Amino acid sequence: QLDLVEQWFRSEIHGLATQRQIRPLLEALDVPCAFPYFDGFTDVPQPVPSRGRFEANLVNGDFFMNLDLKPVMGKYNGVEMSRADGVLDFCYYVRGTNGNVRLKIDLPVALDPEGARLGGSLTVDMTNEVVRLDYDIASHLAFRDILRIADVDFLSPDTTLDMIRCDTKPVLTVKGRTGTTEDDLEANDLQCTAQLAKGAFYGMELRDATVEFNLRRDVLDFPKVTARGKTGGQIDARARLDFAGFDETRAMAHIEMDYREGSLEELADTLAFDLGERRGRVDANYSVDFPMTTNSVRGLNGTGSLKVTDGMLAQMKLFAGLTKLVAEKVPGVAFLVNQSQASADFTIENGVFKSDNVRIEGGFISIKAAGTYDIADDNLDFTVRVQFLKSDTMMGQILHPITWPFTKLLLEFKAKGPLDDPDWEYVSVIDRIL
């Protein structure tokens, strides 16, 4: 339809179309910002059922295109899709000397081969040669597939999957806008949510996780993270990733976590550390900062506390040398050593863990320790004092004035070396005096 009065040309078509028939139109309009999103579709096995509407202003050259496509899909950015019904609204107009583009992709129905759904819209907006993206998306796809479809540099699949493991498909929502260059950080304003039934974060098993996060400028903020551990412990966390202008040498992370009614088994799995029978309940909290580089441990700083109850701590490989030395000094005591509780407040400075009040309690013996652990070098350096009779029992309080000199002078030890198998040394009276 040609309207010479209004100076408009309008046309409608329907039939089958292929990418190579549509792409030349985008090339003729000189809109390279749309190419990556259009070319993401590959291995489409057959021409796509299509309906199209076109409008062109004969005076100023404004051009509008609406395509309703129903492909039986191949792949998008390498992700297998069984169906991706889409509506493309394309607008091209010139104002001044710049050609401006707005491409909106609506996905009424998009399914992966297992029937998981991706829906919503993505808008590519190029105004005065600045390209920005608007999102309104809900996804039930696999996490790796979402990362590949999104194709965001700082959320590359290999790097992100080192941090996050999803055993089930997460439910994600993404709304807001981002820029496409490091010079357009002001445009970044995303609000997102995620739900995950089963997975892990940095090796810590999670169940029923719910995450709220947002991106503003170059900061990815996680104001609320809740989850259960594998054995039922409650996790509440907050985090902040500051990409510092996407300069990897300055990017920093901050994480705070409260862990309540957890298990020693779960802690052992997370730390990959021998904790004996792995029996016991754990309450812990920490706050840490570290650089997001390959040498992150040396830049690790923070504070925290830990409490263990109902454990079998003396059976940890860490204490094997201590148990042997105590038995040598007090014959027959080995079978009484069954430390069930532990607590500590700690700091971490440049990757070195430090505590002055490690306490490990049992029915017969209590242990107090102070020292440091260099995480990167796996080097423990602690002074440990063993005291007979648990301090909070009635017998322990009665006999403490008698046993204190004995403990002070005789049962003090040094622990040095790797955390899982340190060297234990008894400190004699002469050594103490010197």
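**Salt bridges, a greasy patch and a pocket**

R102 is partly exposed, with a relative accessible area of 37% (partly exposed is the range between buried, under 20%, and exposed, over 50%, using a 1.4 Å probe and protein chains only). This is a predicted model, so local features need pLDDT of at least 70 and side-chain atom pairs pLDDT 80 or more, while totals for chains, interfaces and linings use all residues. Residues are numbered from 1 along each chain as its sequence is written, and side-chain values use heavy atoms, with hydrogens and water left out.

**Salt bridges**
- The structure holds 26 salt bridges (a side-chain nitrogen of Lys or Arg within 4 Å of a carboxyl oxygen of Asp or Glu).
- R102 pairs up with D125, with 3.4 Å between the closest N and O atoms.
- That pair ties together distant parts of the chain, 23 residues apart: R102 sits in strand β9 and D125 in strand β10 (residues 118-127) (strands are DSSP runs of E, at least two residues, and helices are runs of H or I, at least four, numbered from the N terminus).
- D125 counts as buried, at 13% relative accessibility.
- R102 and D125 also belong to a salt-bridge network with D134 and R177.
- D85 bridges to R83, and here the closest N and O atoms are 2.7 Å apart.
- D85 is buried, at 7% relative accessible area, whereas R83 is partly exposed, at 37%.
- R207 and E205 form another salt bridge, at 3.3 Å between the closest N and O atoms, and both residues are buried.

**Nonpolar surface patch**
- L2, L4, F9 and L58 make up a nonpolar patch on the surface, with about 390 Å² of accessible area together (patch members have over 30% relative accessible area and no salt bridge, with nonpolar side chains joined within 5 Å; areas are Shrake-Rupley values with a 1.4 Å probe).
- L4 lies in the loop between β1 (2-3) and β2 (8-17), and L4 is exposed, at 57% relative accessible area.

**Second largest pocket**
- This pocket holds about 400 Å³ of space (a pocket is an open set of points on a 1 Å grid where a 1.4 Å probe fits, with protein on both sides within 12 Å along at least five of seven lines; lining residues have an atom within 4 Å of a point).
- Its lining has 22 residues, and Q19, F41, V44, V48 and L69 lie nearest the centre.
- α1 (19-28), α2 (35-39), β8 (83-95) and β9 (98-111) are the elements that give two or more residues to this lining, with the largest share, four residues, coming from β8.
- By class, the lining of this pocket has 16 nonpolar, four polar and two charged residues.

Terms used:
Points joined across faces, edges and corners; volume = space filled by probe spheres on them. Nonpolar A, V, L, I, M, F, W, Y, C, P; charged D, E, K, R; others polar. Patch = residues over 30% accessible without salt bridge, like charges linked within 9 Å, V, L, I, M, F, W, Y side chains within 5 Å.
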